[in-house]
Amino acid sequence: MAAGALPATATPAEQPGEYPGVRNVLPPGQSGGMTLPGAAGAVLGDPLGRQAVDGRNAPENFADQLEMYDALNHADLGALTEESLGDYYKDAPLTLTDDEAVSIDRPKDGVVIRRDEFGVPYIEAETREDAAWASGYAGTTDRMFLMDVLRHVGAARAAEFLGPSAENIAMDQEQLRTAYYTEEEAAAQVEEVAARYGEEGERLLAAADAFIAGINAAQQELCPGLVLGPACPVEYAALQRLPQPWDRADVVYIASLVGGIFGKGGGAEYANARWLKQLEQQFGPEEGRRIFDDLRSADDAHAPTTSSEPAPYGGGPVDPAKPGVALPDLDGPTAPGTGDDAGGGGIPAPSLGSLSGRLAPAPMRITGPFGTLDLAEVGDGMSNAALVSAEHTADGHPVAVFGPQTAYYAPQLLTEQAVVAPGIRARGVSFAGTNLVVQLGRGVDYAWSATSANSDNVDTVVVPLCDPAGGTATVESEGYLDDGRCVPMDSRVHEEKALPTLGGVGAPQVLRFHVLRTEHGIVQLRTTAGGKPVAVVTQRSTYRQELDSVIGFERFGNPEYVRDAGSFQEAAAAIDYTFNWFYADDRDIAYYSSGRLPVRAEGTDPHLPRWAGAEWEWQGWLAPEDHPQQVNPPSGYLVSWNNKPAPGWAAADDGWGWGPVHRSLALSDRMAALTGAGGVTTPDLVAAVQDAATVDSRAFYTLPALLDTVGEDPQLAEATALLRDWQERGAHRLDGDRDGAYEDQAAVALFDAWWESSGEDGAVTSVAHELLRGTLGDLVTALPQRLDDHPRQGLGSAWNNVSWYGYVVEDLGGDGDWSRSYCGGGDTVACQEDLRASLRATVDRVLAEQGVSSVGELTYDKHLDDIRAKATGVVGVRDIDWQNRPTFQQVVNFTGGR
């Protein structure tokens, strides 16, 4: 949309009403702060477990939604009714009357904040600026310390704020490598986005400043200069820190976390290049490239998609011979890039992060005074969406069940609010510290949600090094060639004074990190390519434009902007982060995949690093009409679980999991059955989505091919029968009767061990490895993709974008799309024996480990899979049974609208 395209905001008298039809749940609860007196009471009231019980050892509304959320996991899904949905979801209106409110606050003229029985703030204001002020004020009341943590993490100052633990130092390194900004650079982005969007941008600037003022007002009220004040969050007393006022830079720092963790894809070209070179060394150039293309699964025609309409982008066979491709040497000398020790001492070398692909993810753990926050879990959590169009429902109106999966924390990273003022009538959630806008939620007569798209907006650029002083370039050089000129890198030192705290233990120290940037972005590593010194630089399309996406979020909540599916898609097109957006009103369902996605130059290869230079630079941005999108698809439904958006839409270079097996099939299979039968109700859709939430997608979709290949072996008859029976009944990991064990625990134990087991020496044994080992040999463990995404991580989210699941089906039951067969080196008899030997060894191993004589006696501790919410404050919440489900979930069925 052009700058200034937003319609003039309506006056209060012109504001539309609201339409019912939305329920939601946000575990564990809305309240997120605890005072010093409250903390003392928590410890005294529950000295050992310190698990939150509302009103006893935790504030009201701290954990009240957790029980609703967990209860659905053992409900009789076939008996759900419209009335019983209230046991698992709360109503989500836009407004609340004084009579309905549990509390009413008027913190300034023109603002009223009512709270309901769940502690959700309902903000009504006379102006958009007053509403923004109130959002800052209410959000700080609910998440003050968490917001403070996130702004310091975004500024790469976790160690300074929380203490110099190894985790905090590593997190600061990673943030510097992802989104380094000086305070001046960060603050300037606020005015820059305002300038880019004209009148609309100026309105947003005024709202942003009011939002910051509201945060500061709440901080001053809660902590009026006294660390140990009775209303001040207890964490400040533990840290011996005074909360500092917020400014524009802080908002940008938090936005950089959202963009750098959720809203990106790509950046693993360096790992891909190394893998390709290893293949070429072992198999020769031509065969090596064919194997790379087989396993990369960049544009697999059999991968499930959200939209049925083609949207070509990226892809194609790998071609390292293209003139714009830059291949770093496998064994060349190296020197660190950003994040290295700049002279303070004691700072370890930074990880390679995305340069390592998915085998060695970047460290993102933060240790605070009472717990640990792992932001890597947030990025891997992902989300899902299931929407049914009007023609297939019982009442002739769409139904939807959707939400983001942002991992489990106490308090939750998301915070909920309802806001009614000129220019905004919306309710939903936002990341703490970004609730100037409602990021996912509902409007007057529509609702929306998102899943991470991970589309390719990050490239690895290889820049020739030079010596600005005129000497010979080495990997230590801090100059780079730009159109033949030797330009000094932007070289800085990021300094922190880190003192030990209750959580961030470690010696007092001054941390000094080296930061290197070129015009493309942040330097990750220095090495050689073709024997010549180069810098490896990450270029992200949203770097230096972290706040631009706020324009789209602001439009989502404006009823004058979003009036139908088409205008929603236009609003989504203004979001630069790579998300899949979903919309439902009383007439339509719609989808749009957003992102500031580069058009790449001819002569470059999207799988591999590219050279710097004008000839190879990005050639603009993909037009909105070329993004994946659809309204009311012919299938009658839309499904997303971080799967491929559309036919022809290639996966980003770091994503190899869009093959024929994806967890989204667990949803789409159920949606196809529902829409085929017709007459879908809201309880029907809730039941289908929840049923999919307990499926072991890895097992359900790979076991048929594996067991068919193993065939009839008398020695394995009991094992194969056990596994096949579990698969045919849905391959659920479910303790529906809550007797303490999964109904199919023997099959779960056997298949888990077959898929991945670790020996005492750390060596991994896997049927997936054995599948390819006959061809790849030892390289099978060097492939830069993780082997599994298992519930035992404690994250809830599981089975996401793992390439190995698809490899099983493609190689054993595929239709010849691959260039060759891999199992058994291409010999079917050898393949069968390899898989039989793998299963025999697994059976022998697990029987010996458990001391039983038959596989039917095997047990599995379901608590290994429990969702373990990370407590970032004094109290946490109890573990709950595993379910693969959004952490904020909306149930939508509008029966009327404007």
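This is a predicted model: local features need pLDDT of at least 70, side-chain atom pairs count only at pLDDT 80 or more; totals for chains, interfaces and linings use all residues.
Let me begin with Ser797, which sits in the loop between helix H20 (767-776) and helix H21 (803-813). Helices here are DSSP runs of H or I with at least four residues, strands are runs of E with at least two, and both are numbered from the N terminus. Ser797 counts as buried because its relative accessibility is 2%; buried means under 20% relative accessible area, exposed over 50%, and partly exposed in between, with a 1.4 Å probe and protein chains only. Arg596 is 201 residues away from Ser797 along the chain, and their C-alpha atoms are 27 Å apart.

Residues are numbered from 1 along each chain as its sequence is written, and side-chain values use heavy atoms, with hydrogens and water left out.

The pLDDT, the predictor's confidence in each residue on a scale from 0 to 100, averages 93 over the protein chain, and 96% of the residues score at least 70. Over residues 1-14, however, pLDDT stays under 50, and for this stretch the model has 28 contacts beyond four places in sequence, a contact being heavy atoms within 4.5 Å.

Helix H3 (residues 128-154) spans only 27 Å between its end C-alpha atoms, whereas a straight helix of 27 residues would span 39 Å at 1.5 Å a residue. The expected span is 1.5 Å times one less than the number of residues. H3 has a kink of about 95 degrees centred on Arg143, where the bend is the angle between axes fitted to the seven residues ending there and the seven starting there. Of the 27 residues in H3, 25 are buried. Ala156, which follows H3, has a positive phi near 60 degrees.

Helix H15 (residues 664-677), by contrast, reaches 20 Å from its first C-alpha to its last, close to the 20 Å expected for its 14 residues. Its buried residues include Leu665, Leu667, Arg670, Met671 and Leu674. Among the elements covering the buried residues of H15 are strand E9 (383-388), strand E27 (637-640), helix H16 (682-692) and helix H17 (697-710). Just after H15, Gly678 takes a positive phi of about 75 degrees.

Next, a helix pair. Helix H18 (residues 717-728) and helix H19 (residues 745-755) pack at about 105 degrees, with their axes 9 Å apart. H18 is therefore roughly perpendicular to H19, a label that applies from 65 to 115 degrees. H18 contributes Ala719, Leu722, Leu723 and Trp726 to the contact, and among the H19 residues are Phe751 and Trp754.

Finally, some backbone details. Most residues other than glycine have a negative phi, and most peptide bonds are trans. Arg738, in the loop between H18 and H19, has a positive phi of about 55 degrees and is partly exposed, at a relative accessible area of 30%. Arg544 has a positive phi near 70 degrees; its relative accessibility is 38%, so it counts as partly exposed.

Which form does the peptide bond from Pro27 to Pro28 take, cis or trans? That bond is cis, with omega near 0 degrees, and Pro28 lies in the loop between strand E1 (22-25) and helix H1 (36-45). The bond from Ala410 to Pro411 is cis, with omega near 0 degrees.

Note on methods
Axes are lines fitted to C-alpha atoms, for helices over the stretch in contact, and angles run from 0 to 180 degrees between N-to-C directions. Angles under 35 degrees count as roughly parallel, over 145 as roughly antiparallel, 65 to 115 as roughly perpendicular and the rest as oblique.
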